Amino acid sequence: MLDTARRTGQDESQALFRESVRRFLAAEGVPHLDRWEEAGIVDRDFWTKAGSAGLLCPTVPEEYGGPGLDFAYNAIVTEEHAYARVPSGITLQSDVLADYFIAYGSEEQKREWLPGMVSGEKVAAIAMTEPGAGSDLQAIRTTARLDGNHYVINGTKTYISNGQTADVVIVVAKTNVELGAKGTSLFLVEADRAGFARGRNLDKIGLHGADTSELFFEDVRVPATNMLGQEGRGFAYLMRNLPQERLTIAIGAQASAQRAFDEALGFVKERKAFGKTVFDFQNTRFTLADLAAKLQIGWAHIDWALARHLRHELTPEEASAAKLWHTDTQWQIIDAALQLHGGAGYMNEYPIARLWRDARVSRIFGGTNEIMKEVIGRGL
């Protein structure tokens with residue numbers, strides 16, 4: 001269980017909200033983890049249950065069916081979600097996708113999609129990555145050609161989270177291939193549009209319960225009103241929203257690392273070797289002491305970064321640094337925690353094994369950690 005007694009900036013209402021999130025995940029998430037892991041997808045009714053419990057899209061304004069809270073509530077869901085090891089589709093919807101609709105959507109788009117995203121009746125995805133374009137979003141090749149009062153979209157996307165379950169996909173496409181980044185626009189593509197197809201649910205190293213897909217767009221016609229925001233502003237919108245996405249990744253990484261530490265501490269205090277517990281060996285205690293120090297620093301930094309974000313002061317460089325440090329540290333802590341389990345750590349029946357597998361992607365998605373260094377370096 002996450003210890004929040006020493007955290008800064010959390011009030012009584014947030015503490016009560018955290019308890020409700022924790023109870024929900026214990027009842028509706030944790031008992032199904034193995035089944036979701038095997039199926040490669042989370043039950044659709046988990047989304048509606050999460051919506052009924054108030055876990056989805058806390059920042060959506062009341063006029064669109066949301067509670068109108070601040071991002072601190074999103075962070076609580078992300079922390080508890082990562083600590084409980086529940087697949088991460090709902091945090092993508094709440095922390096990343098909802099803000100695209102809030103910030104750039106037309107009134108009609110907001111009223112059509114946001115209430116359902118809050119209730120869990122509608123699942124969203126964002127299609128950026130392509131087979132030949134990952135962190136370099138300027139290199140995307142998917143096109144959207146104006147034809148009368150419609151756009152015709154053609155292209156292929158891959159590694160798309162929520163791809164198997166999405167009712168609507170925010171598609172990143174080139175409306176003018178000659179303008180590079182300035183020719184990029186965003187479009188809403190409903191899953192029932194002719195020409196839209198889902199590929200296979202991709203076989204990943206970890207995060208097996210979170211569906212990830214290939215998506216195909218073959219002459220998909222969408223009305224011009226399906227453009228999200230202004231033409232040619234898509235790349236700017238993506239860049240503007242990335243700091244919050246990267247902060248979310250940092251928060252999840254920190255909570256995941258905490259869970260790994262807690263698993264290792266409990267294991268070594270029970271495991272016997274050479275007539276005493278593994279915890280009684282100085283090497284074990286020193287290893288855990290080093291991890292505990294990193295976690296203490298990490299939580300202080302998360303609170304600092306979150307406070308700056310709530311004041312709209314967190315810079316792209318600071319968010320990139322948070323993503324870089326916390327995901328690197330997550331890997332160090334989880335790998336050390338697995339080592340402390342010995343051979344048991346390599347067995348899938350122990351939570352540490354799944355934590356280890358799931359953590360590997362943290363240094364890749366949301367922009368690779370090498371790109372984080374580029375962003376930080378350019379701001380120096």
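Is aspartate 147 buried, partly exposed or exposed? In this predicted model, aspartate 147 is partly exposed, with a relative accessible area of 32%. The account below begins with the charged partner of this residue and then turns to other charged pairs, to aromatic rings, and to some features of the backbone.

## Charged pairs

Side chains of opposite charge can pair when their charged atoms come close. Aspartate 147 takes part in such a salt bridge, its partner being arginine 221, and the closest N and O atoms of the two are 2.8 Å apart. Aspartate 147 belongs to strand S2 (residues 143-147) and arginine 221 to strand S7 (residues 212-223), so this pair ties together parts of the chain that are 74 residues apart in sequence.

Across the whole structure, a search finds 22 salt bridges. One of them joins the side chains of lysine 49 and glutamate 28, with 3.2 Å from N to O. Because lysine 49 lies in helix H3 (residues 44-52) while glutamate 28 lies in helix H1 (residues 12-28), the contact ties together parts that are 21 residues apart in sequence. Lysine 49 is partly exposed, at a relative accessible area of 36%, and glutamate 28 is also partly exposed, at 24%.

A further salt bridge, between lysine 294 and aspartate 290, has a distance of 2.8 Å from N to O. Here both residues lie in helix H8 (residues 282-310), four residues apart, which is about one turn of the helix. Lysine 294 is partly exposed, with a relative accessible area of 23%, and aspartate 290 is partly exposed as well, with a relative accessibility of 40%. Elsewhere, salt bridges that share partners join Arg18, Glu19, Arg22, Glu79 and Glu80 into one network.

| Salt bridge | N to O distance |
|---|---|
| Lysine 49 and glutamate 28 | 3.2 Å |
| Aspartate 147 and arginine 221 | 2.8 Å |
| Lysine 294 and aspartate 290 | 2.8 Å |

## Aromatic rings

A pair of aromatic rings is described by the distance of the centres and the angle of the planes. The count for this structure comes to ten aromatic pairs. Among them is the pair of phenylalanine 17 and tyrosine 73, whose ring centres are 5.2 Å apart and whose planes stand at 70° to each other, an arrangement that is edge-to-face. Phenylalanine 17 is part of helix H1 and tyrosine 73 is part of helix H4 (residues 71-84), so the pair ties together parts that are 56 residues apart in sequence. Both phenylalanine 17 and tyrosine 73 are buried.

Phenylalanine 196 and phenylalanine 217 form another aromatic pair, this one tilted, with 5.4 Å from centre to centre and 50° between the planes. The pair links distant parts of the chain, since phenylalanine 196 is in strand S6 (residues 196-201) and phenylalanine 217 is in strand S7, 21 residues apart. Phenylalanine 196 and phenylalanine 217 are both buried.

In a second case, arginine 360 lies over the face of tryptophan 331, and the distance from the ring centre is 5.9 Å.

## The backbone

Helix H9 (residues 316-340) has 25 residues, and from its first C-alpha to its last it reaches 36 Å, which is close to the 36 Å expected at 1.5 Å a residue. After H9 comes glycine 342, which has a positive phi, near 65°.

Which residue has a positive phi of about 50° although it is not a glycine? The residue is cysteine 57, which is found in the loop between H3 and H4. Cysteine 57 is buried, with a relative accessible area of 0%. Arginine 85, again a residue other than glycine, has a positive phi near 70°, and arginine 85 is placed in the loop between H4 and helix H5 (89-104). Its relative accessibility is 17%, and because buried means under 20% relative accessible area, arginine 85 counts as buried.

Notes
Residues numbered from 1 in each chain as written. Predicted model: local features only at pLDDT ≥ 70, side-chain atom pairs only at ≥ 80, totals over all residues. Heavy atoms only, no water. Salt bridge = Lys/Arg side-chain N within 4 Å of Asp/Glu carboxyl O. Helix = DSSP H or I, 4+ residues; strand = E, 2+ residues; numbered from the N terminus. Buried < 20%, exposed > 50% of the residue type's maximum accessible area, 1.4 Å probe, protein only. Phe/Tyr/Trp six-rings, centres within 6.5 Å; stacked < 30°, edge-to-face > 60°. Lys NZ or Arg CZ within 6 Å of the ring centre and 35° of its normal. Expected span 1.5 Å × (residues − 1).
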